[in-house]
Amino acid sequence: MAMPPSRPWAELQHDLLVAIVARVGVPDLLSGGASRACSSWRAAARDPLAWRRVDLRDWVALTSGRRAARPGHSSSRVPVHAALFGILEVAAKLAEGRIEAVLLPEFADEDHLLFLAERCPNLQYFSLPSTCMTYDQFCKAIGGLHSLKGMAVDETLINYDVLLHVHQCCPDFVELKVSALYVDEEMASVICNSLPRLKKLEIPSADMSSAAIIKFLDCLEELEHLDISGYETSAISSLVLEKASRLKFFLWNSKFELGEFVDCSNCGEHNINPQEPCKCMMEHKVMDWLAGPSQAS
């Protein structure tokens, strides 16, 4: 079987280049990797669509070597807290206000979230792993994010008044990811009562009671996607499986058992991250391009 002729990567269509560049990661883009590529790849790195999803979770590795010079002083190390504001400002400008998702590093705080709310009012998703957050400032930031559809936060923010504020300010909010050590029926009730329209809930690697799982399945009537993988105690009973059978996606694998069922493709409707093309579509586009134009028989 003859191999298709090779084609230069610079000839990839612009929209596919943008999708690839968007997966490179902000640290690599900002550290100059894109500037050493060909003109078509540099143009893709400057396209606002490449900045719809800004992943800064590993950004501290970049700042460790980042220095700033001040007039009359030798270059000095930039504090990561202050430098993060600069990176967010650059990303907001490159995206031309189109940032849809931001994944913040562990040291980010409510000031950075407030900054995002001012610069990116159309933000649809954010991840904020900080465990030291004041309710007032967090709620103030949420008040400016009316397009928010989902967030990933620490269990310290699982408070009825805080989540109710999210529900009231963000009418399209349907996705929640929580980092927690233990989830009992009381915490489950807080989530269910304050965010009744959740469609996607992720609480991985937590010690979770069977009563909490059943509470989610009984009370979140619109729930489609539930991920409780990696939990520390086995709480999956036949009753849980029966109630979860209505879901499109249920992941419960742990050190005790392996379990998963998926009733949709990886680009199904439950995925509310339109800023990131699904992997299957990316693979099809790349393979179609490598195959070259179709030849008439």
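Me: What does proline 204 count as at 23% relative accessibility?
Reply: This is a predicted model, in which local features need pLDDT of at least 70 and side-chain atom pairs count only at pLDDT 80 or more, while totals for chains, interfaces and linings use all residues. Residues are numbered from 1 along each chain as its sequence is written, and side-chain values use heavy atoms, with hydrogens and water left out. Buried means under 20% relative accessible area and exposed over 50%, with partly exposed in between (1.4 Å probe, protein chains only). At 23%, proline 204 therefore counts as partly exposed.

Me: How are α7 and α8 oriented to each other?
Reply: Axes are lines fitted to C-alpha atoms, for helices over the stretch in contact, and angles run from 0 to 180 degrees between N-to-C directions. Helix α7 (residues 135-142) and helix α8 (residues 160-169) pack at about 10 degrees, their axes 10 Å apart. Angles under 35 degrees count as roughly parallel, over 145 as roughly antiparallel, 65 to 115 as roughly perpendicular and the rest as oblique. The two helices are therefore roughly parallel.

Me: Which residues of α8 make the contact with α7?
Reply: On the α7 side, the contact is made by Tyr135, Phe138, Cys139 and Ile142. The residues of the α7–α8 contact divide into seven nonpolar, one polar and no charged; Ala, Val, Leu, Ile, Met, Phe, Trp, Tyr, Cys and Pro count as nonpolar, Asp, Glu, Lys and Arg as charged, and the others, Gly among them, as polar. From α8 come Val162, His165, Val166 and Cys169.

Me: What do the buried residues of α8 pack against?
Reply: The buried residues of α8 are Val162, Leu163, Val166 and Cys169. Seen down the helix axis, they fall within an arc of 130 degrees (taken from the directions from the axis to the C-beta atoms), so they line one face of α8. The face turned away carries exposed Asp161 and Gln168. The buried residues pack against α7, β6 (150-154) and α9 (185-194).

Me: What share of the chain is buried?
Reply: The chain has twelve helices and 13 strands. Of its 297 residues, the buried share is 44%.

Key
Helix = DSSP H or I, 4+ residues; strand = E, 2+ residues; numbered from the N terminus. Contact = heavy atoms within 4.5 Å.
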